[in-house]
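This report goes through selected features of one protein model. Please look over the sequence and the structure before reading on.

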Amino acid sequence: MASSPSAPTNAPATTRPVTIITQTRVLPDRNDDFAEWQQRISDVVAGFPGFVDHQVIPPDPPQQVDWVILQKFATVEQAQAWLRSKQRLHLLETAQPML
């Protein structure tokens, strides 16, 4: 799973919103399991400080074979705190068998 924050360049780093984009490929027979897992992570991130919004784009083969998840935060620091959070890291561990 690849995640990286990206932010517009027209505001100071501490005040501009940032979007984490995650793209991941799930085992073909695990898409339903991953959808349930994704709902759990969406529920957790929604309560995280600085969380603004998210979008989950499921695969649509053959054009798009990966899941794409966008998570928007108010600041770079809050996005980085989410990326390093124990809650997120634990959830990522539980997703590994599906990837």
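Is F51 buried or exposed? F51 has a relative accessible area of 18%, and since buried means under 20%, F51 counts as buried. The model is a predicted one.

## Aromatic pairs

Four aromatic pairs turn up in a search of the whole structure. One of them joins F51 and F73 in an edge-to-face arrangement, with 5.9 Å from centre to centre and 80 degrees between the planes. Because F51 belongs to strand 3 and F73 to strand 4, this pair ties together parts that are 22 residues apart in sequence.

Elsewhere, F34, W37 and W67 are linked into a cluster by ring pairs.

## The largest nonpolar core

The largest nonpolar core is made up of 20 residues. Those with the most contacts inside it are I20, F34, W37, F73, W82 and M98. Two or more residues of this core come from each of strand 2 (18–24), helix 1 (31–46), strand 4, helix 2 and helix 3. In soluble globular proteins, nonpolar side chains tend to be buried together.

The buried residues of helix 2 include V76, A79, W82 and L83. Viewed down the helix axis, the buried residues of helix 2 fall within an arc of 125 degrees, so they line one face of the helix. An α-helix has 3.6 residues a turn, so residues three or four places apart point the same way.

T75 is found in the loop between strand 4 (67–73) and helix 2 (76–84). With a relative accessible area of 14%, T75 is buried. A polar atom of the T75 side chain lies 3.1 Å from the backbone nitrogen of Q78.

## A cis peptide bond

Which form does the peptide bond from P61 to P62 take? This bond is cis, and its omega is near 5 degrees. P62 sits in the loop between strand 3 (51–57) and strand 4.

## After helix 3

L99 is part of the segment that comes after helix 3 (86–95). Its relative accessibility is 27%, so L99 counts as partly exposed. Although L99 and V26 are 73 residues apart along the chain, their C-alpha atoms are separated by 4.4 Å.

Note on methods
Residues numbered from 1 in each chain as written. Predicted model: local features only at pLDDT ≥ 70, side-chain atom pairs only at ≥ 80, totals over all residues. Heavy atoms only, no water. Helix = DSSP H or I, 4+ residues; strand = E, 2+ residues; numbered from the N terminus. Buried < 20%, exposed > 50% of the residue type's maximum accessible area, 1.4 Å probe, protein only. Polar contact = N/O pair within 3.5 Å; in protein donor to acceptor, adjacent residues only side chain to side chain. Arc of directions from axis to C-beta. Core = buried A, V, L, I, M, F, W, Y, C linked by side-chain atoms within 4.5 Å. Phe/Tyr/Trp six-rings, centres within 6.5 Å; stacked < 30°, edge-to-face > 60°.
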